[in-house]
Amino acid sequence: MHKKMAFSFPDEVLEHVFSFIQSDKDRNAVSMVCKSWYEIERWCRRKVFVGNCYAVSPRMVIRRFPEFRSIELKGKPHFADFNLVPDGWGGYVFPWIAEMAGAYPWLEEIRLKRMVVTDESLELIAKSFKNFKVLVLSSCEGFSTDGLAAIAASCKNLKELDLRDCEVDDLSAHWLSHFPETYTSLVSLNISCLGSDEASFSALERLVRRCTNLKTLRLNRAVPLDKIANILRHAPQLVEFGTGTYTADVRPDVYSDLAGVLSSCKELKSLSGFWDVIPDYLPAIYPVCSKLTSLNLSYATIQSPDLIKLVSHCPNLQRLLVLDYIEDSGLEVLASSCKDLQELRVFPSDPFGAEPNVSLTEQGLVAVSLGCPKLQSVLYFCRRMSNEALVTIARSRPNFTRFRLCIIEPKTADYLTLEPLDVGFGAIVQYCKDLRRLSLSGLLTDRVFEYIGTYAKKLEMLSVAFAGDSDLGLHHVLSGCESLRKLEIRDCPFGDKALLANAAKLETMRSLWISSCAVSFAACKLLGQKMPRLNVEVIDERGPPDSRPENCPVDKLYIYRSIAGPRFDMPPFVWTMDEDSGLRLS
Amino acid sequence: MEGGLVLLGGGANGGGSGGSSGFSTNESAMSEASSYPAETELELGLGLSIGGPTGKINKASGRILTAKDFPVPRRASMNGGTPPSVTVSGTKRAADQSVPHDSGSPTATSQVVGWPPIRSYRMNSLVNNNQAKAPRAEEEHKGINEEEEEDKAIKDGSKLKKPNENLGHIGFIKVNMDGIRIGRKVNLNAHSSYHSLASALDNMFLRSAGAEKQQLTMPSKLLDGSSEFVLTYEDKEGDWMLVGDVPWMMFLTSVRRLRIMKTSEANGLAPRFHERNRTQRSKLI
């Protein structure tokens, strides 16, 4: 019974309407309304986001979205950041580039996170996409400056080259000279991860000078302080700037040069870099501090008094990354000076020291939570915590969307009561109703997971380590957290029961990582057999899991939903639990 | 307190597949669990919906095992150095750190892979900061050695060492082995001697079950030249050298990456012999 709509719009009109819808979630929702909307939407989707590169094949993406201009891909699981994923695990981008090179000569933007990118891939990008504009590689590896040279030489319309947190084989800094003299379209350049000792300053200077639209420039540590002035002189329009090493012999001429050039950068909103800071040179940035919204001092090994001075100059700060040298006293100053603060990350300066080297405790976090009404995202490393503090934090800052707390010593109890921190984290999830991301630490029992399952309804990503007593903990999370997309667990006593009882839940999530827990090989096989749309991958460097008894726990387990079936590029230490045999070697 | 912990490292209960009474209890519990038919014990709760009742544990669908029922069996390569009172999980260190760290480690925390959760580049930067003051002596010593060498690379003025300069890739560095496509990474901070490093590399490349079928003999021969492979490294100037000739600390300040090279290819690669061989480099990637 098909009733023709009296007011059905022509496709062009619908397409125009859809063009205002940018977010993937909304686009996906639009495409599910009806068949004709699905068809129209897929032809006009310009940006594709693939959260797990193994969830779908390149060919499937290309088939569904014939005209996209921008793609974002993510590869390895998050715990790869902490060396829990062995080298060679996967996440190769080359197959994607190869498929797109044929189908999409007009591709403009590629954004990759935690993927293996080879020089070959970069060369193929340079060769295949004539209008290529944006390359953002975040936490990627596998390529060298030779690949970058290819990009520089061929991509005439390149606007953005961002290599944040990548591991690059630094063969030569001369890749920068491969940008032709006629090339002027650079808007954003982030080479902060590069390590080469010899930086090609003149090429860099010339590049900056002729690219008058340059808004973001993040240099690497090798660029000495006295060279910065020369570079900045030609780029007063910069909005975001990252210094190189911030130390030099103290010379008044270098100082005044630097201060002068910095103060002429009227648009500067974000500063970073600051390796090896010498406090004498810090006042050079005071003139720009009042406009700063983002400040990354997480490499600056300066002490609290200098940090306090700096931070007091920045009333408009929205984002601060800093080492724990700032101490509780510095955070108190931050709380009173920076009322616009939205994001704070405090990193440990001496994570492996047996004793605390600075006076940074839970008090600093409490101060900031009480004093900064807009604070919504926190990453905080400290050595002690109390339920009382966490409850205070939760009550005063219910607008947290990301709360990541790392108490450095695993299983540390409430230092006041010696109890587990269940109640504290329970308060966080209870009061912060919009919490999307949570990382737990300290001494925690199954109780905390009961709270999380009950209250954390908007939680999308949860990181758990050294916590819980039994499968009940995992069961609470899997059965209660409705919005859960990513779950990563290590060193917890979670085993087969909870996993298998909640198998269906796993298809609603992007991925589950579980390592050094108690999940048996038998359970993995069963899961793989019964859930064809899940890839159940066992990672075990001790050798094939079937060389041990079935009830032996596997070392690492990575489960993700996929419509592409098991992958074929697994290294020797990864086994997929297949529906057919239950075991397949790569 | 001890009983409640599931994953205990080494210590009083004995490591490895030992015969302590504690372990045999574990074994019986394990076999008990595995004797249940798969259908009933390991039941899939496919009927459970996501929006279902929260916090309500369906006790009818079988007893949820607690830590006491289903403890983790000891793993062979347990962290031998961890004292029993430590509450840190005895997480097996990744293969590249499987060598027991005999020279006492500062705290238990540093024994655990990936904890605290800090990115490598940040760790390396911290290490560099903490060590930046120390090996000044090494750098001066190295300067003297370099003057003695004949064919060294022409050095840019900007390469002169500054006191706070980035000491390079101390921390995780790459290791490749001839014949094996996939490289690995090893954490130099976890080793205090060439012997320790070589043993770790042995475990990583020559004995891992997943590696290509090469039945090489046991003790680390990488250092004494008696195996068919030899351990080399690329230093900060890009030259390839044999590992083992300079003092360990000096090695740490100059190593960029490692390569386990076939002895046949390493002929002529004497300790002080510089070979700016870019083709070798491209082979590694």
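Let's start with A:Ala235, which counts as buried because its relative accessibility is 0%. Buried here means under 20% relative accessible area, exposed means over 50%, and partly exposed is in between, with a 1.4 Å probe and protein chains only. This is a predicted model, in which local features need pLDDT of at least 70 and side-chain atom pairs count only at pLDDT 80 or more, while totals for chains, interfaces and linings use all residues. Residues are numbered from 1 along each chain as its sequence is written, chains are lettered from A and ligands numbered from 1 in the order in which they are written, and side-chain values use heavy atoms, with hydrogens and water left out.

Back to our alanine. A:Ala235 sits in the loop between α9 and β10 (240-242) of chain A. Helices (H or I, at least four residues) and strands (E, at least two) are DSSP runs, numbered from the N terminus. Which residues does A:Ala235 contact, leaving aside its neighbours within four places in sequence? They are A:Val208 and A:Cys265, where contact means heavy atoms within 4.5 Å. A:Ser264 is 29 residues away from A:Ala235 along the chain, and their C-alpha atoms are separated by 9.4 Å.

Next, please look at helix α10 of chain A, residues 252-263. Its twelve residues should span 16 Å at 1.5 Å a residue, and the end C-alpha atoms are 16 Å apart, so the two agree. The expected span is 1.5 Å times one less than the number of residues. The buried residues of α10(A) are A:Val254, A:Leu258, A:Ala259, A:Val261 and A:Leu262. They lie on the same side of α10(A), because they cover an arc of only 165 degrees around the axis; that arc is taken from the directions from the helix axis to the C-beta atoms. And what do these buried residues pack against? Their partners are α9 (225-233) and α11 (286-289) of chain A.

Helix α16 of chain A, residues 422-431, is mostly covered, with seven of its ten residues buried. Those are A:Asp422, A:Gly424, A:Phe425, A:Gly426, A:Ala427, A:Ile428 and A:Val429. The cover over them includes α15 (387-396), β16 (402-407), β17 (437-439) and α17 (446-455) of chain A.

A:Tyr451 belongs to α17 of chain A, and it counts as partly exposed because its relative accessibility is 21%. Beyond its neighbours within four places in sequence, A:Tyr451 contacts A:Asp422, A:Val423, A:Gly426, A:Val429 and A:Ala456. A:His476 is 25 residues from A:Tyr451 along the chain, with 8.3 Å between their C-alpha atoms.

Now for the aromatic rings. Over all chains, the structure holds 24 aromatic pairs. Rings of Phe, Tyr and Trp (its six-membered ring) pair if their centres lie within 6.5 Å; planes under 30 degrees apart count as stacked, over 60 as edge-to-face and the rest as tilted. A:Trp175 and A:Phe179 make a tilted pair, at 6.3 Å centre to centre and 55 degrees between the planes. A:Trp175 counts as buried at 3% relative accessibility, and A:Phe179 counts as buried at 1%.

There is also an aromatic cluster, formed by A:Tyr54, A:Phe79, A:Phe82, A:Trp89, A:Trp513, A:Tyr558 and A:Tyr560. Over the face of A:Trp89 lies A:Arg567, at 4.4 Å from the ring centre. A charge sits over a ring if NZ of Lys or CZ of Arg is within 6 Å of the ring centre and within 35 degrees of the ring normal.

A few backbone details deserve a look. A:Asp491 has a phi near 55 degrees, a positive value in a residue other than glycine. A:Asp491 is in the loop between β19 (486-490) and α19 (496-501) of chain A, and it counts as buried at 3% relative accessibility. Over in chain B, a cis peptide bond joins B:Trp115 and B:Pro116, with omega about -5 degrees. B:Pro116 lies in the loop between α2 (38-41) and α3 (120-131) of chain B.

Finally, chain B as a whole. Its secondary structure comes to seven helices and five strands. Of its 285 residues, 47% are buried.
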